[in-house]
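Here is a short report for a reader new to this structure. Keep the sequence and the model in view while reading.

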Amino acid sequence: MRKTSILAILGAAMTVAACSDNSDVNGDGKVSRNERADEMRRDGYLAMQPGRWRTSFAFTEIDVPRLGNKEKEQIREELSTGASGISCLSEANAAQPGPDFFGGEGAEDCNYRKFDIAGNRVSMQLSCGMGSMGKADMDLDGTVGDTEFRFDTKLVVHVPIAGKIKLDGTMTGKHEGSCRGDE
């Protein structure tokens, strides 16, 4: 699977979730992999088409301390392009994608504070480590269907060199047919 690290971080946000019936069963402030899987089984009817999926990001707002408009626009464009990618959903997972399907590489360093599903409505909050680059906090709210998904995205990236970078935008996904083996 070809993905940049920002895609892995943002993609982890796509693990699919909505509303608020407290999927943090043990009350530790984090929604574990098992708690997310239980939430998917309990509330998550998210039948999706198996095959090739294209994920795209469009960031409409960016707030970066100490940078001018030209630099902000360059960062916005680079993140939108770099975070977009392609993945393959297997036939076996299409009826109910696992909670980490969209995460790909790097999703293992994410902690979910909220992970809820209600039909096709999804809402979640998570934080992902980026190694020495800092961390990213994300809020996603949207819908998932059989051939497309859409999330309103709020992303705050904490970077030691630049401080807090805030991005608002949209994450979309579209089914593109059969997997080709290059995902």
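Start with one histidine. His175 sits in strand β7. The model is predicted, and the values below are computed from it. Setting aside neighbours within four places in sequence, His175 contacts Gln49, Pro50, Gly51, Arg52, Trp53 and Thr147. One of its polar atoms lies 2.7 Å from the backbone oxygen of Pro50. For the backbone oxygen of Gly177, the distance to a polar atom of that side chain is 3.4 Å. His175 and Ser87 are 88 residues apart along the chain, and their C-alpha atoms are separated by 9.8 Å.

| Side chain | Backbone oxygen | Distance |
|---|---|---|
| His175 | Pro50 | 2.7 Å |
| His175 | Gly177 | 3.4 Å |

Next comes the disulfide. How many does the structure hold? There is one. It joins Cys88 to Cys179, with 1.7 Å from S to S. The link of Cys88 and Cys179 is right-handed, with 100° about the S-S bond. Cys88 lies in strand β2, residues 85-89, and Cys179 in the segment after β7, which spans 163-175, so the pair ties together parts that are 91 residues apart in sequence.

Are these cysteines buried, exposed or in between? Cys88 has a relative accessible area of 29%, so it is partly exposed. Cys179 is partly exposed too, at 30% relative accessibility.

Now turn to a threonine. Thr55 belongs to strand β1, residues 51-63. Its relative accessible area is 8%, under the 20% cut-off, and therefore Thr55 is buried. Leaving out neighbours within four places in sequence, Thr55 touches Ser84, Gly85, Phe149, Met171, Thr172 and Gly173.

Finally, the whole chain. Its secondary structure comes to four helices and seven strands. Along the sequence they follow the pattern α-α-β-α-β-α-β-β-β-β-β. The protein chain has 183 residues, and buried residues make up 43% of them. Among contacts with a separation of 6 or more, 65% are between residues 24 or more positions apart. The chain exposes about 9100 Å², and carbon and sulfur atoms supply 49% of that area.

How values were computed:
Residues numbered from 1 in each chain as written. Predicted model: local features only at pLDDT ≥ 70, side-chain atom pairs only at ≥ 80, totals over all residues. Heavy atoms only, no water. Disulfide = S-S within 2.5 Å. Helix = DSSP H or I, 4+ residues; strand = E, 2+ residues; numbered from the N terminus. Buried < 20%, exposed > 50% of the residue type's maximum accessible area, 1.4 Å probe, protein only. Contact = heavy atoms within 4.5 Å. Polar contact = N/O pair within 3.5 Å; in protein donor to acceptor, adjacent residues only side chain to side chain. Areas by Shrake-Rupley, 256 points an atom, 1.4 Å probe, with all protein chains shown as cover.
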